[in-house]
Amino acid sequence: MPVYTVHAPVGNGADLAATDKFTFVRDGFHFWAAVAGVIWLAWNRLWLALIGWLVVTFAIDFALARLGVGRGAISLVDLVLMLLLGFEAASLQRWTLSRRNWRQLDIVVADDEEAAERRFFDRWAARHRGVVNDQRSIDRGAPPPTRDVPGQPFSKAPPLPQGGIIGLFPEPGGSR
């Protein structure tokens, strides 16, 4: 299942009026970032990443051409760079959001972005109503029994098996 990170602008805060500005970033491989990297970076307004991508790509291509590397090898290096952009596209989005003073609110696991939004806003609304619906809020009862507390089931020493032998030694404290 895909994992989404939820981001909100710091200035507006995480209140009901700012929910339309929340951004969900899917973690994982982005196909269109790998196939059409420059267009994908411009479409998502990742301007510094776009400039960095162009500079790195041209610098590597220029250096490989100056070293006399064949066109096939340069194309293979470009293909590896495209795959790298596809794998790191979500990280570039998160980096750009953090640079713009957005904060990460939550991490959501869901089948698609719509389900991630639904799951996030259900939890978010419950938290803002004062109802916490997660594993930390469940009352598990009393603490687990320990050997140091008298009156608890584990307060006495465990029984020895018949003959008093524990493990591989014939008698407790005996020689080997």
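A: Start with pairing: strands of a sheet pair through backbone hydrogen bonds, either parallel or antiparallel. Here 3 strands form an open sheet in the order β2-β1-β3, with antiparallel pairing. The edge strands, β2 (23–26) and β3 (102–109), each pair on one side only. From one strand to the next, the twist averages 30 degrees. This is a predicted model: local features need pLDDT of at least 70, and side-chain atom pairs count only at pLDDT 80 or more, while totals for chains, interfaces and linings use all residues. Residues are numbered from 1 along each chain as its sequence is written, and side-chain values use heavy atoms, with hydrogens and water left out.

Q: What counts as a strand, and what counts as a pair?

A: Strands (E, at least two residues) and helices (H or I, at least four) are DSSP runs, numbered from the N terminus. Two strands pair if DSSP finds at least two bridges between them. Strand β1 (residues 3–9) pairs with β2 over 4 bridges, in the antiparallel sense. Tyr4 stands opposite Arg26 in β2. Thr5 has Val25 of β2 as its bridge partner. On to β3: 7 bridges join β1 to β3, again antiparallel. There, Ala8 stands opposite Arg103.

Q: Which helices pack on the sheet, and at what angles?

A: Contact means heavy atoms within 4.5 Å. Axes are lines fitted to C-alpha atoms, for helices over the stretch in contact; angles run from 0 to 180 degrees between N-to-C directions. Helix α4 (residues 71–99) touches β1, β2 and β3, and its direction makes about 150 degrees with that of β2. Helix α5 (residues 113–128) also packs on the sheet, touching β1, β2 and β3. The direction of α5 makes about 110 degrees with that of β3.

Q: Is β1 mostly covered or mostly open?

A: Buried means under 20% relative accessible area, exposed over 50%, partly exposed in between (1.4 Å probe, protein chains only). β1 is mostly covered, with 6 of its 7 residues buried.

Q: Why does Asp106 count as buried?

A: Asp106 lies in strand β3. It counts as buried because its relative accessibility is 15%. Leaving aside residues up to four places away in sequence, Asp106 touches Tyr4, Thr5, Val6, Phe120, Arg123 and Arg127.

Q: What polar contact does the side chain of Asp106 make?

A: A polar contact is a pair of N or O atoms within 3.5 Å; within protein, one must be able to donate a hydrogen and the other to accept it, and residues adjacent in sequence count only if both atoms are side-chain atoms. The side chain of Asp106 makes one with the side chain of Arg123, at 2.8 Å.
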